[in-house]
Structures are given as structure tokens and as C-alpha cells.
Amino acid sequence: MFIVPISDGIPPVKSIFERTPTVQSAEQQEGFKSLFKEIFAEAQAAGVNTADDNIRMVNGEIDDLHTLYNNATKAAISVEAFVAVKNTTVEAFERIMNMQI
């Protein structure tokens with residue numbers, strides 16, 4: 001049995017220490033940025049809507065407390081969602097900063 005050398009069949013293996021810079025495209029960066037801004041805008045709009053409802057209730061313009069309660073709940077959920085996204089983003093950033101190279 002003859003041993004045949006393998007010279008051209010295997011491509012060279014890259015070192016695990018070689019770093020190729022991974023640059024995100026502007027679209028990817030804008031995607032997260034716009035998502036974050038959208039969540040913040042929704043939370044802010046829900047808060048403004050709840051404040052307007054409270055003023056209208058005090059002035060006697062709202063008879064239905066159910067709608068007022070629903071809008072307040074939507075505002076609370078919007079703020080909770082925004083805070084959850086913010087906390088997850090900060091946590092991911094802290095993990096990246098603590099990675100050893």
C-alpha cells in the first residue's frame with residue numbers, strides 16, 4: 001500500500017487568532033437605531049395619551065373609566081417593554097466589554 005501525499009486537495013486552515021474586522025453595514029446600524037427610537041416613541045406617546053386622558057377625566061369629558069384604564073395599562077406595558085429592551089442592550093454591551101481577547 002502506497003502513501004500518496006495530499007498537497008492540493010486541502011485548503012489552508014485559518015488561524016483562530018487571525019481577526020477579520022466585521023463592520024456592520026449602515027442599514028444594520030440604522031435598523032436597530034430606528035427600532036429603539038420607535039419603541040421609545042411608542043412609550044412616550046402612550047404616556048402623553050394617558051396624561052391627556054387624566055386631564056379629560058378631571059374636566060368631566062370622559063364617562064368611560066374602562067377606556068382610561070386600558071390606556072393607562074398600554075402606557076405601563078410600553079414603558080416596561082422599552083426598559084426591557086434598554087436593559088438587554090446595556091447587558092449585551094457589558095458582556096462584550098468584559099470579553100477577554
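Glu91 is partly exposed, with a relative accessible area of 42%; the classes are buried under 20%, exposed over 50% and partly exposed in between, computed with a 1.4 Å probe on protein chains only. The side chain of Glu91 forms a salt bridge with that of Arg95, at 3.4 Å from N to O, where a salt bridge is a side-chain nitrogen of Lys or Arg within 4 Å of a carboxyl oxygen of Asp or Glu. Arg95 counts as exposed, at 58% relative accessibility. Because Glu91 and Arg95 are four residues apart in helix H2, about one helical turn separates them. The model is predicted, with local features requiring pLDDT of at least 70 and side-chain atom pairs pLDDT 80 or more, while totals for chains, interfaces and linings use all residues. Residues are numbered from 1 along each chain as its sequence is written, and side-chain values use heavy atoms, with hydrogens and water left out.

The structure holds two salt bridges. Besides Glu91 and Arg95, Asp53 pairs with Arg56, the closest N and O atoms being 3.4 Å apart. These two residues are three apart in helix H1 (residues 26-58), and therefore about one helical turn separates Asp53 from Arg56. Asp53 is buried at 4% relative accessibility, whereas Arg56 is partly exposed at 37%.

The chain contains two helices and zero strands, taken as DSSP runs numbered from the N terminus (helices H or I, at least four residues; strands E, at least two). Of its 101 residues, 10% are buried.

In H2, the buried residues are Leu68, Asn71, Ala75 and Phe82. Asn71 has a relative accessible area of 14% and, neighbours within four places in sequence aside, is in contact with Asn49, Thr50 and Asp53, contact meaning heavy atoms within 4.5 Å. Thr67, also in helix H2 (residues 65-97), is partly exposed at 38% relative accessibility. Thr67 and Asp53 are 14 residues apart in sequence, with a C-alpha to C-alpha distance of 8.9 Å.

The side chain of Thr67 makes a polar contact with that of Asp64 at 2.7 Å. A polar contact is a pair of N or O atoms within 3.5 Å; within protein, one must be able to donate a hydrogen and the other to accept it, and residues adjacent in sequence count only if both atoms are side-chain atoms. At the start of H2, a side-chain oxygen of Asp64 also reaches to within 3.2 Å of the backbone nitrogen of His66.
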